[in-house]
Amino acid sequence: MQVVEKFVSINGEGMRVGELSVFIRFRGCNLMCSYCDTTWANEPFVDYTEETPEEIFRYIKGTGIKNVTITGGEPLLQKDVDRFIGLILSGGDYRVEVETNGSVDISRFENSPAVVTMDYKLPSSGFEESMLTENFEHLKKEDSVKFVAGSLVDLECALDIINEYNLTEKCNVIISPVFGMIKPENIVEFMKRNKLNDVQLQLQMHKTIWDPNLRGV
């Protein structure tokens with residue numbers, strides 16, 4: 001498996017925001033969103049290490065941290081990712097979150113204790129046409145759909161998708177601003193205007209605490 005980062009930090013977003021987690025970041029993505037903050041992980045010549053699921057799991061166990069965040073890039077493109085996730089879940093009292101970009105089938109997680117945080121790419125990303133809306137059928141109550149919005153057009157699109165697929169009844173729903181592109185208060189006003197019950201606004205906590213371009217945090 002192609003690993004570009006392993007580190008312990010707080011979860012900057014998601015349903016365990018503010019809690020410590022072990023982050024395993026894998027190389028490569030099938031999308032290249034306009035606002036991506038980890039483009040470096042997708043570059044052809046990025047430094048990475050080839051590690052087996054067992055080697056990565058040894059690192060996780062050594063941290064003493066129970067939350068594990070599997071991210072990228074797009075982690076579900078790694079050929080041994082299913083075995084890796086199964087190894088973690090069978091190896092102790094670990095809580096696994098898989099961050100995925102919404103273009104890869106998540107049906108394998110429908111009956112899994114692993115929690116999925118799935119993006120739905122809005123128009124400003126440039127990749128809305130890559131979204132697999134079939135994924136909405138496989139969401140659990142513990143899973144989340146995250147909308148990263150950079151404009152009013154994005155927010156209107158998110159509203160349409162939330163309503164069309166009845167997402168607040170299926171899972172957690174999160175709206176986050178594209179960092180530096182839209183004011184959070186504008187999102188709050190949109191939520192109030194449209195009575196978006198059971199939807200969370202989340203800011204990326206790690207970008208508030210540290211330099212937004214800093215890696216490994």
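**Figure 1. Helices α1 and α2 pass each other in a right-handed crossing.** The model shown here and in the other views is predicted. Helix α1 covers residues 53-63 and helix α2 covers residues 81-90. Their axes come within 9 Å and cross at roughly 35°. On the α1 side, the residues that take part in the contact are P53, E54, I56, F57 and I60. They meet R83, F84, L87 and I88 of α2. Sorted by type, the residues of this contact are seven nonpolar and two charged, with no polar residue.

**Figure 2. The residues of helix α3 include a buried set.** Helix α3 runs over residues 152-164, which is 13 residues. At 1.5 Å a residue it should span 18 Å, and because its end C-alpha atoms are 18 Å apart, the model agrees with that expectation. Buried in this helix are D154, L155, C157, A158, L159, I161 and I162. What covers them includes the strands β6 (115-120), β7 (144-149), β8 (172-177) and β9 (199-201). Helices α4 (167-170) and α5 (184-193) are also among the covering elements. After α3 comes N166, which has a positive phi near 50°.

**Figure 3. Helix α3 also crosses helix α5, and this crossing is right-handed.** The two axes come within 11 Å of each other, at an angle of roughly 35°. Which residues make the contact? From α3 they are L152, L155, E156 and L159, and from α5 they are I187, F190 and R193. Five residues of the contact are nonpolar, two are charged and none is polar. Two of the α3 residues named here, L155 and L159, also belong to the buried set of that helix.

**Figure 4. A salt bridge joins D119 and K146.** The closest N and O atoms of the pair are 3.7 Å apart. D119 lies in strand β6 and K146 in strand β7, so the bridge links distant parts of the chain, 27 residues apart.

Figure 5. E189 is partly exposed, with a relative accessible area of 40%. K192 has a relative accessible area of 52% and is exposed, because the cut-off for that class is over 50%. N186 is found in the helix as well. With a relative accessibility of 41%, N186 counts as partly exposed. Between N186 and S151 the C-alpha to C-alpha distance is 9.3 Å, while in sequence they are 35 residues apart.

**Figure 6. K79 and D80 meet through their side chains in a salt bridge.** The distance from N to O is 3.5 Å. K79 has a relative accessibility of 78%, so it counts as exposed. This pair is one of eleven salt bridges found in a search of the whole structure.

Definitions and conventions: Residues are numbered from 1 along each chain as its sequence is written. This is a predicted model: local features need pLDDT of at least 70, side-chain atom pairs count only at pLDDT 80 or more; totals for chains, interfaces and linings use all residues. Side-chain values use heavy atoms; hydrogens and water are left out. Helices (H or I, at least four residues) and strands (E, at least two) are DSSP runs, numbered from the N terminus. The expected span of a helix is 1.5 Å times one less than its number of residues. Buried means under 20% relative accessible area, exposed over 50%, partly exposed in between (1.4 Å probe, protein chains only). Contact means heavy atoms within 4.5 Å. A salt bridge is a side-chain nitrogen of Lys or Arg within 4 Å of a carboxyl oxygen of Asp or Glu. Axes are lines fitted to C-alpha atoms, for helices over the stretch in contact, and angles run from 0 to 180 degrees between N-to-C directions. A crossing is left-handed if the near helix is turned anticlockwise from the far one by less than a right angle, and right-handed if clockwise. Ala, Val, Leu, Ile, Met, Phe, Trp, Tyr, Cys and Pro count as nonpolar, Asp, Glu, Lys and Arg as charged, and the others, Gly among them, as polar.
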